[in-house]
Amino acid sequence: LDPHLNTFVPLLANAFLEHLRTPPSKQPSTHLLIPLSKAICKLLYTFCKIRGEKVIVQFFGTETRDLELLLSAIEKGALWGWEERYITLLWLSQLLLAPFDLASISSQGTEDIVELNIPGFACPANVPTVTLRVISLAVRHLSSSGKERDAAKILLVRVAMRPDMQQVGVLRALVRWAISCLHPSASLESSPYFYIGILSFLAGMLVSSAGTPDMVEYLQEIFDVTRDQDDMPTTLLDAIRKSAVSRKIIIKIFRAIASLDLANTADIDRVQIIIGDLLDFLEDEATPVRLAASKALSIITLKLDPDMALQVVDVVLDTFSSSYRMVGRPGMKTADLSDVKAFQWHGLVLTFSHLLYRRSIPSSSLAPVLAALRLALSFEKRSATSATSTGTNVRDAANFGIWALARRYTSAELQAINLISADGLSLPALQTLATDLVVAASLDPAGNVRRGSSAALQELIGRNPDTIAEGIQVVQVVD
């Protein structure tokens, strides 16, 4: 698609603007199968879904005169579908990158209709009218159950982070309002999407402030309201955390706080608490939450000093090792996995994989991690009630780990590692992993695991030429 985006996206975007400029009496008949504005925005959304909204918005027009047109259109768009609202909010966030003050953008005749009816929001003085309209619009859609919420979050973060808006106090007012909405003393709103929107806004603010001190003064307050506190009632937080989406966003907030701490305040105590919380999230029942926690742990570990990073790896290894036991007589021991929790192993193996992908594990500590990945690659467990498999995603995560290992570590580093077999023999790691992958790629009952093992095998052989016996021939025969 990339070579064509410069043609397709501006064509659709300009058609949308032209439609908005056309008086209602001259617009196409309402007997059309689908309104023109919705048809255009459905296509633009499809581009966003395939290629990512950050890429697509770069091809939208940047004429500041379109800001008033789009603002008025979405304010009046009572009959619009979510696609029109989503695209318009994204476009407005792009227009707010304008390099001059928002106060200089004309909004004549709109002063009397702007009313910020946002409970708990203390609006600063001297805020431009266009900013009030944008805040009102973004907050209204922040509690939406659809994609508009994502676009509204981007828009609200964009207006808060503008230097001219920070000077008049918009950033402080919005962050204070968001924190107050999550405070344990706040009343519980009926819609969980409201809190998802608030959390996503705070996460967006923290991520956008990376490399700046803009959000440092709010870190402790945000940390407190998004984490269980012994001295605070947690009814509100418990209700919020029932949603897997909320838990995933809280992990993103923790990750951003830890990154800002390590970059600005060096508050290692808070970072250690966050690491402990993320380790707990690895056992979450929702796969996206486990994935977010494992990724966050690897990113934070990468920024720690080597000694502390190794401690994180050791904790993950200890948790993995303590979840099963070895049985049998000496020289013939096997792993008893009957008590293993599939969710926990998936989270732990994903963490190993992300740590390997970011090369956060020193080569001297690879041997026990590789032994864990080998065990995970053959893990299978059945649900006691439905007899369905619960080990597929664990094996898939192990493939990711071995693939990442082949990508990030040199042949010399991997050749120096030996693995101990069940009968006590010392085996070369590369040869052993390649054999395991051939078996998994040929015999695993899950198609995605077979594909993953095949990809990892080709990566392992391709990145380590002449180190695996008959490597190229093996790949050809397997093919």
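**Largest pocket.** I looked up the largest pocket and found about 1000 Å³ of space in it. I took a pocket as an open set of points on a 1 Å grid over the protein atoms alone, where a 1.4 Å probe fits, with protein on both sides within 12 Å along at least five of seven lines; lining residues have an atom within 4 Å of a point. The volume is the space filled by probe spheres set on the points, which are joined across faces, edges and corners.

This is a predicted model, in which local features need pLDDT of at least 70 and side-chain atom pairs pLDDT 80 or more, while totals for chains, interfaces and linings use all residues. Residues are numbered from 1 along each chain as its sequence is written, and side-chain values use heavy atoms, without hydrogens and water.

**Lining.** I noted 32 lining residues, with Glu 53, Lys 54, Asp 150, Lys 153 and Lys 252 nearest the centre of the pocket. Helix α13 gives the most to this lining, seven residues. Helices here are DSSP runs (H or I, at least four residues), numbered from the N terminus.

**His 354.** I located His 354 in helix α17, residues 342-357. His 354 is buried, with a relative accessible area of 8%; buried means under 20% with a 1.4 Å probe, protein chains only. Beyond four places in sequence, its contacts are Leu 291, Ser 294, Lys 295, Ser 298 and Phe 400, a contact being heavy atoms within 4.5 Å.

**Arg 408.** I found the charged end of Arg 408 over the ring of Tyr 357, 4.2 Å from its centre. The criterion is CZ of Arg, or NZ of Lys, within 6 Å of the ring centre and within 35 degrees of the ring normal.

Definitions and conventions: Helices (H or I, at least four residues) and strands (E, at least two) are DSSP runs, numbered from the N terminus. Buried means under 20% relative accessible area, exposed over 50%, partly exposed in between (1.4 Å probe, protein chains only).
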